[in-house]
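Please examine the sequence and the model displayed below.

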Amino acid sequence: MKFLDQAKIWLKAGDGGNGCVAFRRERFIEFGGPWGGNGGKGGDVVVEAVENLNTLIDYRYAQHFKAGRAGDGAGKDMTGAGGDDLVLKVPVGTEILAEDKETVLADLSTPGQRVTLCHGGRGGFGNAHYKSSTNRAPRRADPGTLGEERWVWLRLKLIADAGLIGLPNAGKSTFLAATSAAKPKIADYPFTTLNPQLGVVRIGETSEFVLADIPGLIEGAHEGVGLGDRFLGHVERCAVLLHLVDGTQAGVTEAYRTVRAELEAYGGGLAEKPEVVALNKADAIEPRALAARRTALSRAAGRPVLVLSGVTGAGKDEVLRALWLAIATARGRDAA
């Protein structure tokens, strides 16, 4: 299934039904009076977050959605039928933005959460509504009001506990494959990962967390260079970021600062999130060079740097324990 995390759609609630002008005409009933019913209420447009969905591909080709129109009023003081509500199902973690793409209308972060985006039109009154002691035979009936309509943006932000960040070819996909059952594409060229990937990482027998891998960042990503920084939205909900740095390159500090600069430029609180820094591909580095690069990276990051190899698995458990401790602290869980 193709991954799609943004979609623009047009929504239209149902129009209200028209009121009816009618009079009661029955044998032996003189001056039966007004008998026209009201129109029904138009259907609403509702968006619901559901499980087992992980993409917005359903809204790639169908972009216009209308709720049901209400029925008109009828004689015998009968109210028109209400219009059917339209329920659009989206993945958990979907944000709904106004047409300006900045105003957040709703954030559906839990399964079953619902929000009404467009309200159906009100039904018009029939002439029975207007009868009074001074107006015994009203001939007035109102039309139903129009349902609300609007353009909205749907933006999916994956629900994950930890997020993988780093330059292209830092070994993020290899680490995800080595620690979970996910099967991301792995190759020896940059930008192997084109779409976010999720994997469930198990710690011991009872603990687990969700790890998200996003396409690599390069300098100028916030200006659209490379794949840009659009996918950073998928790690906004994470409790901790795992920053992988390719240890086989000489400029490990420059690589670290490049990604950190892109986090600062993106905003969204990513630069303030807890961070675990790890020097990857330790199996391909000489011990002396590894120690020197680890020291330099630790000085640049201002925190201890872990060492691992996604290929051999060396240091993997230590990194996972550090991630789980940060997640447990942020989520208020028991880290034992």
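Helices (H or I, at least four residues) and strands (E, at least two) are taken as DSSP runs and numbered from the N terminus. On that basis the protein contains 4 helices and 14 strands. The model is predicted: local features need pLDDT of at least 70, side-chain atom pairs count only at pLDDT 80 or more, and totals for chains, interfaces and linings use all residues. Residues are numbered from 1 along each chain as its sequence is written, and side-chain values use heavy atoms, with hydrogens and water left out.

The overall dimensions come next. Along the principal axes, the C-alpha atoms of the protein fill a box of roughly 110 × 45 × 30 Å. The radius of gyration is taken over C-alpha atoms, and the globule rule is 2.2 Å times the number of residues to the power 0.38. For 336 residues, a compact globule would have a value near 20 Å, but the protein has 29 Å. A contact means heavy atoms within 4.5 Å. Among contacts in the protein between residues at least 6 apart in sequence, 73% join residues at least 24 apart.

Accessible areas come from the Shrake-Rupley method with a 1.4 Å probe, and for residues only the protein chains shown count as cover. The protein exposes about 16800 Å², of which carbon and sulfur atoms supply 49%. A residue is called buried under 20% relative accessible area, exposed over 50%, and partly exposed in between (1.4 Å probe, protein chains only). Buried residues make up 50% of the 336 residues in the protein.

Helix H1 (residues 172-179) illustrates how a helix is covered. Its buried residues are Lys 172, Ser 173, Phe 175, Leu 176 and Thr 179. Seen down the axis of H1, these buried residues fall within an arc of 160 degrees, so they line one face of the helix; the arc is that of the directions from the helix axis to the C-beta atoms. The cover over the buried residues of H1 includes strand S9 (162-165), strand S10 (197-203), S11, strand S12 (240-246) and H4.

Rings of Phe, Tyr and Trp (its six-membered ring) pair if their centres lie within 6.5 Å; planes under 30 degrees apart count as stacked, over 60 as edge-to-face and the rest as tilted. By this rule there are 3 aromatic pairs. In one of them, the ring centres of Tyr 59 and Phe 65 are 5.6 Å apart and the planes stand at 65 degrees, so the pair is edge-to-face. Tyr 59 is buried at 6% relative accessibility, and Phe 65 is buried at 14%. Phe 209 and Trp 324 form a stacked pair, 6.3 Å centre to centre with 20 degrees between the planes. Phe 209 lies in strand S11 (residues 207-213) and Trp 324 in helix H4 (residues 316-331), so the pair ties together parts that are 115 residues apart in sequence. Phe 209 has a relative accessibility of 1% and counts as buried, as does Trp 324 with a relative accessible area of 8%.

Charged groups also meet aromatic rings. A charge sits over a ring if NZ of Lys or CZ of Arg is within 6 Å of the ring centre and within 35 degrees of the ring normal. The charged end of Lys 101 sits over the ring of Trp 153, 4.1 Å from its centre. For Arg 122 over the ring of Phe 125, the distance to the centre is 5.3 Å.

Several loop residues deserve attention. Where is Asp 44 found? Asp 44 belongs to the loop between strand S1 (6-12) and strand S2 (45-50), and it is buried at 13% relative accessibility. Leaving aside neighbours within four places in sequence, Asp 44 is in contact with Ala 67, Asp 85, Leu 86, Thr 116, Cys 118, His 119 and Gly 120.

Asn 52 has a positive phi of about 70 degrees although it is not a glycine. Asn 52 lies in the loop between S2 and strand S3 (64-66) and is exposed, with a relative accessible area of 81%. Lys 281, also not a glycine, has a positive phi near 65 degrees. Lys 281 is placed in the loop between strand S13 (275-280) and helix H3 (287-301) and is partly exposed at 24%.
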